[in-house]
Amino acid sequence: ERSPIIAPSILASDFSRLAQEVHAIEGAADWVHVDVMDNHFVPNLTIGLPVVQSLRKATSIPFDVHLMITDPQRWAPGYAEAGAYNVTFHAEACDDPVALARTLRAAGAKAGLAIDRDTPVEPYLELLPYLDTILIMTIKAGFGGQAFMPEMLDKVRDVRRRAEVNDLEIRIEVDGGIAADTIEQAAEAGADAFVAGTAVYGAADPAEAIRKLRGLAAG
Ligand code: DX5
Ligand code: ZN
């Protein structure tokens with residue numbers, strides 16, 4: 001495990017002032033987490049490629065793009081080309097994750113695979129060598145502000161065990177309900193990248209909230 005990555009989710013920020021909201025966490029956060037939803041893969045709609053392209057020019061913090069969309073094969077490469085650091089697509093939406101991961105890497109991005117609440121992780125453990133990131137949802141994908149589901153941490157433990165046995169460099173990211181009262185158990189299970197929406201942007205001082213989360217994750 002490497003030092004923890006803290007990735008605030010702008011889903012919980014004020015979309016009318018996105019650049020300022022990103023500037024508020026620059027310096028304190030490692031990545032900014034960008035939730036792309038298409039109202040098809042999930043029953044919610046957020047932002048897409050034009051907004052990500054514009055926002056990319058407004059900041060230098062790495063973008064961690066989480067695609068909750070149908071047909072990621074078609075859309076994910078555009079986010080890599082737009083300068084995203086990490087592009088994560090959902091296992092449930094993709095019939096050839098290894099091929100898409102290869103395409104993303106060729107386009108200059110890290111490749112991530114997301115596992116939603118109702119999806120077991122076992123079938124995907126053999127794909128870990130082809131991925132840079134695996135995102136374990138600790139809620140059902142679609143909305144911020146939901147309660148953390150500790151039972152999802154069994155998936156984190158399974159991935160961490162496999163990564164250790166096979167000596168893999170993969171980042172294990174958790175997303176959903178991560179806050180001061182949940183981040184330690186996620187870190188203990190083996191996660192080393194932490195998305196936090198409400199816990200950062202709902203705080204009076206987002207940078208201070210990030211520092212607190214980082215301290216708890218580092219143990
Ligand atoms: C939800 C998104 C999450 C969301 C997390 O589907 O993937 O990134 O922003 O929000 P919180 O931290 O409030 O659970
Ligand atoms: Zn997310």
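The predicted protein has an average pLDDT of 98, and 100% of its residues score at least 70. For the model as a whole, the ipTM is 0.99 and the pTM is 0.98.

The largest nonpolar core contains 74 residues. Val-32, Val-87, Ile-136, Ala-186 and Phe-194 have the most contacts inside this core. When residues up to four places away in sequence are not counted, Phe-194 touches Pro-4, Ile-5, Ile-6 and Ala-7, together with Val-174, Ile-178, Ile-183, Ala-186, Leu-213 and Ala-217. One of these partners, Ala-186, is itself listed among the core residues with the most contacts.

Tyr-79 belongs to helix 3, which covers residues 72-81. This tyrosine is classed as buried because 27 other C-beta atoms lie within 10 Å, where 20 or more are required. With neighbours within four places in sequence left aside, the contacts of Tyr-79 are Leu-49, Val-52, Val-65, Ala-84 and Val-87. Between Tyr-79 and Pro-120, which are 41 residues apart along the chain, the C-alpha atoms are separated by 27 Å.

Two sets of positions are annotated in the UniProt record. An unreviewed entry places the feature "binding site" at His-33, Asp-35, His-66 and Asp-175. These four positions are spread over 143 residues of sequence, yet they cluster in space, with a largest C-alpha distance of 10.6 Å. The annotation "active site", also from an unreviewed entry, covers Asp-35 and Asp-175. This pair spans 141 residues of sequence but is likewise clustered in space, the largest C-alpha distance being 10.6 Å.

His-33 is located in strand 2, formed by residues 32-37. Because 28 other C-beta atoms lie within 10 Å, His-33 is buried. Apart from neighbours within four places in sequence, His-33 is in contact with Ala-7, Pro-8, Ser-9, Ile-10, Asp-64, His-66 and Val-195. Asp-35 is found in strand 2 as well. The count for Asp-35 is 24 other C-beta atoms within 10 Å, so this residue is also buried. Asp-35 touches Ser-9, Leu-11, Thr-46, His-66 and Met-68, again without counting residues up to four places away in sequence.

Asp-175 lies in strand 7, which consists of residues 171-175. With 28 C-beta neighbours inside 10 Å, Asp-175 is therefore counted as buried. Not counting residues up to four places away in sequence, the residues touched by Asp-175 are His-66, Leu-135, Met-137, Thr-138 and Val-195.

Ligand 1 is surrounded by 22 residues, of which Ser-9, Leu-11, Gly-144, Gly-197 and Thr-198 are the closest. Strand 2, strand 8 (193-196) and helix 7 (198-201) each give two or more residues to this shell. By class, the shell is made up of 9 nonpolar, 11 polar and 2 charged residues.

Terms used: Residues are numbered from 1 along each chain as its sequence is written. Chains are lettered from A and ligands numbered from 1 in the order in which they are written. This is a predicted model: local features need pLDDT of at least 70, side-chain atom pairs count only at pLDDT 80 or more; totals for chains, interfaces and linings use all residues. A nonpolar core is a set of buried Ala, Val, Leu, Ile, Met, Phe, Trp, Tyr and Cys residues joined through C-beta atoms within 7 Å. A residue is buried if 20 or more other C-beta atoms lie within 10 Å of its own, exposed if 12 or fewer, and partly exposed in between; C-beta atoms are placed from the backbone. Two residues are in contact if their C-beta atoms, placed from the backbone, lie within 7 Å. UniProt positions are given in the numbering used here, feature names are shortened, and annotations may be inferred rather than shown by experiment. Helices (H or I, at least four residues) and strands (E, at least two) are DSSP runs, numbered from the N terminus. pLDDT is the predictor's confidence in each residue, from 0 to 100. A residue is near a molecule or strand if its C-beta atom, placed from the backbone, lies within 6 Å of it. Ala, Val, Leu, Ile, Met, Phe, Trp, Tyr, Cys and Pro count as nonpolar, Asp, Glu, Lys and Arg as charged, and the others, Gly among them, as polar.
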